[in-house]
Amino acid sequence: MATETKATSIIETADLLSVGQMAQFVLDGYLEFDNLIPEELNQAVYEDQLRSVSGSALKDEFRWNQVDNRKAFYDYSEAVREVHDLPAVRAVLQSLVGPNPRHNHSACHITPPHKQESQSWHVDGGGRRRMRLKNDHPYHFDVLTAYFTHDVPYEMGPTLILPGSHMRHVLGGDIARYKNIAGQKRLEGKGGRIAFIHDAIWHCAQPNQTDETRFMFKIRFNPAVPQQQLFNTEGWDNQEIRNYFLRHRHKNALTGETAAVGPDMVDWWHYLCGVEPRHDPSGLRTHGDIA
Amino acid sequence: MNRLKQQILILHLRSGDLASATVGWARYDGTMAEEEVQMQAGDELEPPYSSVLAAMRDGWQVIQISPAPERSAATGTGQLANEYVLQRMVSV
């Protein structure tokens with residue numbers, strides 16, 4: 001059942017994402033932070049996670065939660081609720097999905113040591129546009145948070161994502177044929193990190209080649225408002241932003257998509273910033289106005 | 001008596017030119033036993049061949065070429081384009 005995240009304080013504009021950070025999200029489809037969560041609180045969440053396993057196996061009393069309760073760990077761990085109620089975390093969420101987003105579901109993913117198989121490439125739900133219900137706004141997106149309490153080096157197999165793939169339109173498992181793709185990125189790094197990921201990004205879980213259990217806690221958030229002017233839009237069309245999109249226009253292109261994705265991205269940027277769409281009498285959307 | 005078994009290699013190239021750079025690759029190996037681990041999503045950082053032509057030079061046969069993509073800014077993008085399916089028959 002969807003529940004609303006409780007708002008306990010007002011987010012200051014200065015804490016919201018900047019245009020530079022938002023432009024990075026638009027380009028890559030995710031943002032990652034390692035400085036939002038105090039270490040003591042992060043450790044408390046990790047200890048709650050460790051209590052749910054015995055050796056490398058999930059304890060029986062937690063097993064039912066994964067099936068019957070789609071937010072079981074969130075309900076179980078006061079510390080993890082506290083993490084997602086931190087003003088710094090909520091400021092990022094508010095910038096992406098607005099105030100009081102719905103907590104659609106959450107899960108504590110537990111990967112035992114020496115698991116050899118990857119999950120197949122997939123998209124949660126559907127693609128960004130055509131696969132949605134007809135009443136959904138074309139620029140609607142959900143956000144998936146991926147919270148890593150402990151260090152997750154490359155060989156421990158943190159979530160694999162394909163930056164920029166949120167601009168593609170595919171259905172959930174239709175990309176399972178693919179195995180390795182240029183630009184794929186494991187979200188490796190130190191403990192206490194949280195990534196905010198566009199729901200249409202291609203991703204999959206990775207093998208764990210270490211002796212340690214890997215934890216990743218995720219929440220899917222649905223916006224409750226139109227996703228316009230939710231971040232700090234000051235400077236939305238300054239030269240730095242224009243240069244950013246220009247400089248990186250081929251960054252995530254793989255098989256010749258730049259000419260299609262570029263204008264699409266710019267239209268989305270205009271929508272996010274709450275400004276009028278570009279006027280292009282040719283109808284081709286191929287002119288050089290990149291921001 | 002030896003039997004022929006099939007290996008499939010799926011390559012995605014940057015453009016429709018068979019000499020252009022590989023940007024996606026997947027291998028399905030019929031010579032591997034069921035308990036062996038096939039290529040997994042995300043398990044390689046470098047492609048086995050720099051292009052389809054390079055794979056052909058090593059003995060792989062192209063058995064399917066994707067149609068040239070028809071797309072525009074209005075239709076957006078979905079799956080990877082420029083897909084080539086190659087096979088190699090191996091005596092085991």
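The lining of the largest cavity takes at least three residues from each of domain 1 (29-222) and domain 2 (239-289) of chain A, with bounds from an automatic or database domain assignment. This is a predicted model, in which local features need pLDDT of at least 70. Residues are numbered from 1 along each chain as its sequence is written.

User: What makes A:Leu96 count as buried or exposed?
Analyst: Buried means under 20% relative accessible area, exposed over 50%, and partly exposed in between (1.4 Å probe, protein chains only). A:Leu96 has a relative accessible area of 1%, and is therefore buried. This residue lies in helix α6 (residues 87-97) of chain A.

User: How does the reach of helix α2 of chain A compare with the span expected?
Analyst: The expected span is 1.5 Å times one less than the number of residues. Helix α2 (residues 39-50) has 12 residues and reaches 16 Å from its first C-alpha to its last, close to the 16 Å expected.

User: Why are the buried residues of α2(A) placed on the same side?
Analyst: The buried residues are A:Leu41, A:Asn42, A:Val45, A:Tyr46, A:Asp48 and A:Gln49. They cover an arc of only 160° around the axis, so they lie on the same side of α2(A); the arc is that of the directions from the helix axis to the C-beta atoms.

User: Which classes of residue make up the lining of the largest cavity?
Analyst: The lining has 11 nonpolar, 8 polar and 4 charged residues. Asp, Glu, Lys and Arg count as charged; Ala, Val, Leu, Ile, Met, Phe, Trp, Tyr, Cys and Pro as nonpolar; the others, Gly among them, as polar.

How values were computed: Chains lettered and ligands numbered in written order. Predicted model: local features only at pLDDT ≥ 70, side-chain atom pairs only at ≥ 80, totals over all residues. Heavy atoms only, no water. Helix = DSSP H or I, 4+ residues; strand = E, 2+ residues; numbered from the N terminus.
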